[in-house]
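Welcome! Please take a look at the structure below, then work through the exercises one step at a time.

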Amino acid sequence: MMGLVALGLSVSSAVQADDADIQKDNLYPKVRFVTSMGDMVVELDRWRAPYTVDHFLNHVVSGSYNGSLFSRVIDDFVVQGGGYNTDWESLPEGPTVINESGNGLRNDFGTIAMARQNDPHSARRQFYFNVKDNDSLNPSARRWGYAVFGRVVENAELLYEMAAVETHTHEETGFPDVPVETIELIRVELLPEEL
């Protein structure tokens with residue numbers, strides 16, 4: 001399905017940043033995740049992860065995350081989504097984004113990062129939230145890590161609730177760690193810039 005936090009990104013974006021209003025001059029844009037279990041607000045860090053934030057926001061403003069699933073939930077590890085619609089159809093992956101895991105941001109509780117395959121620059125559209133401090137996902141002198149690009153700033157408690165849901169192996173796809181009760185990502189919305 002998605003090797004850890006699998007599915008990934010390279011150096012371009014789904015939609016050119018010039019073509020969409022992704023608040024290019026805002027170093028810390030905020031987005032609201034509206035889910036079937038509640039809402040949370042995430043502050044993105046364009047200062048530390050400029051390519052990743054632009055890439056993610058292009059997906060957000062195009063609406064490509066709306067009506068998708070949180071498809072992988074591992075208690076005390078991660079909650080992952082963004083790759084499938086509610087009928088379990090793969091969403092268009094688009095281009096990859098360069099791995100910015102060496103940016104100083106760590107895979108700690110409440111942070112959002114890009115999922116990828118084994119290739120460090122393979123992240124495309126899937127993302128995950130850390131539901132604990134996951135040191136094993138950080139880069140080291142010998143390996144690439146998973147690029148963190150923001151953190152939950154409102155209602156991080158929702159991550160605990162999501163991580164605690166019952167999971168199983170999905171019958172049709174064979175994917176493990178799938179919530180028994182669907183967790184839908186109803187929409188992700190870019191919030192207006194704060195003055």
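pLDDT is the predictor's confidence in each residue, on a scale from 0 to 100. The model here is a predicted one.

**Exercise 1.** Find the mean pLDDT of the protein chain, then look at residues 1–18.

*Solution.* Next, turn to residues 1–18, where the pLDDT is below 50. Beyond near neighbours in sequence, this stretch has 92 contacts in the model.

**Exercise 2.** Describe helix H1: how far does it reach, which of its residues are buried, and what do they pack against?

*Solution.* Step one is the span. H1 covers residues 50–62, 13 residues in total, and reaches 18 Å from first C-alpha to last, close to the 18 Å expected at 1.5 Å a residue. Step two is burial, where the cut-off is under 20% relative accessible area. The buried residues of H1 include Val53, Phe56, Leu57 and Val60. Step three is packing: among the partners of the buried residues are strands E1 (30–35), E2 (38–44) and E10 (184–190).

**Exercise 3.** Which residues does Tyr160 contact, leaving aside neighbours within four places in sequence?

*Solution.* First locate Tyr160: this residue lies in helix H2 (residues 157–163). With those neighbours set aside, Tyr160 is in contact with Phe109 and Val131. Now take Phe109: 51 residues separate it from Tyr160 in sequence, and their C-alpha atoms are 9.9 Å apart in space.

Definitions and conventions. Residues numbered from 1 in each chain as written. Predicted model: local features only at pLDDT ≥ 70, side-chain atom pairs only at ≥ 80, totals over all residues. Heavy atoms only, no water. Helix = DSSP H or I, 4+ residues; strand = E, 2+ residues; numbered from the N terminus. Expected span 1.5 Å × (residues − 1). Buried < 20%, exposed > 50% of the residue type's maximum accessible area, 1.4 Å probe, protein only. Contact = heavy atoms within 4.5 Å.
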